[in-house]
Amino acid sequence: MMRNEDNAHYLRYTGPQRVDKAMHTLEGIVRGISIDNLVNTQELTALTRWVSEHEEFANRHPFNEVIDRLHQILADGAVDEEERADILWLCEKFSTENSFFCELSSDMQRLQGIVAGIAADGIITEDELRGLREWLDDNDQLRTCWPYDEIDSHVTRVMRDGRIDPEEHAFLLEYFNEFSSLTGGKAFSKPQPGRSHLVSGVCHSCPDIQFDDKSFCFTGTSDRTNRDQLAVQVHELGGWFSPRVTQSLHYLVIGAKGNPCWAFSCYGRKVEQAVSLRMKGFPVAIVHENDYWDAVEDLC
């Protein structure tokens with residue numbers, strides 16, 4: 001788990017990948033904010049912030065054409081159906097011609113964009129979930145790919161009675177924000193006051209973290225320290241560090257920040273391995289970095 005500045009060394013080699021990923025995510029975001037056939041001010045603000053965060057690609061083909069068109073569309077503070085179709089056409093056209101990722105990774109990037117767009121204004125409606133339900137049904141080739149099955153299960157459960165109650169809404173909003181943040185999509189997350197960013201099914205909520213003779217593996221990116229220092233810290237507290245996910249692992253700690261070099265998830269491979277082990281009965285706990293630091297502070 002490296003600091004963000006450590007990632008800068010690798011970014012120069014990943015330009016095509018990041019452009020391709022950005023195109024897929026943008027396509028998903030546009031689909032997400034308009035999935036209920038309405039685009040409000042907060043959703044437009046989220047899209048504007050996304051454009052600003054990707055200005056590094058403004059002069060790079062094909063992103064330059066997309067960015068220019070987005071600036072034109074956003075100038076009047078509204079997105080009509082024709083403009084939405086233009087954006088999606090551009091994304092699909094350039095993604096098809098210049099695809100760097102396999103189709104499954106590309107579709108997962110689109111899904112992350114969709115849930116980011118849905119959660120952009122802090123409100124999830126039944127119409128938005130119905131639109132998401134249709135997209136999930138149309139893209140069931142993603143089944144068995146984490147976290148498609150989780151999202152599919154949650155949407156099915158919530159929509160069983162045709163309505164979203166307050167508790168379900170709070171859970172979905174937090175879940176969607178957490179999933180979209182794994183792509184570096186913080187611009188579309190709207191944290192709820194007083195709520196953590198820990199999501200059931202991704203991270204253990206309020207886990208009891210012990211250090212004595214326990215093994216820890218880290219994934220993602222920390223803004224507080226680096227992996228070597230974390231390994232030393234775990235050792236000093238009585239535990240031991242594992243560089244990989246194994247059957248004997250006790251804790252997989254997910255960093256609070258992401259790595260923009262990776263395909264469609266800041267932590268995909270190790271999280272997938274940990275989820276697979278849990279499904280086989282191995283009790284590896286997936287915990288958020290914030291909970292890790294809370295446990296450290298309790299011992300200090």
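Modeller: Glutamate 43 is found in helix α3, residues 41–53. Helices here are DSSP runs of H or I with at least four residues, strands are runs of E with at least two, and both are numbered from the N terminus.

Colleague: What kind of model is this, and how are residues numbered?

Modeller: This is a predicted model, where local features need pLDDT of at least 70, side-chain atom pairs count only at pLDDT 80 or more, and totals for chains, interfaces and linings use all residues. Residues are numbered from 1 along each chain as its sequence is written, and side-chain values use heavy atoms, with hydrogens and water left out.

Colleague: Is Glutamate 43 buried or exposed?

Modeller: Glutamate 43 is buried, at a relative accessible area of 1%. Buried means under 20%, exposed over 50%, and partly exposed in between, with a 1.4 Å probe and protein chains only.

Colleague: Which residues does Glutamate 43 touch?

Modeller: Leaving aside residues up to four places away in sequence, Glutamate 43 touches Ile33, Leu38, Gly117, Ala120, Asp121 and Glu128. A contact means heavy atoms within 4.5 Å.

Colleague: Switching to Aspartate 213, where is it found?

Modeller: Aspartate 213 is in the loop between α9 (166–181) and β1 (215–219). Aspartate 213 is exposed, with a relative accessible area of 60%. Its phi is positive, about 60°, although Aspartate 213 is not a glycine.
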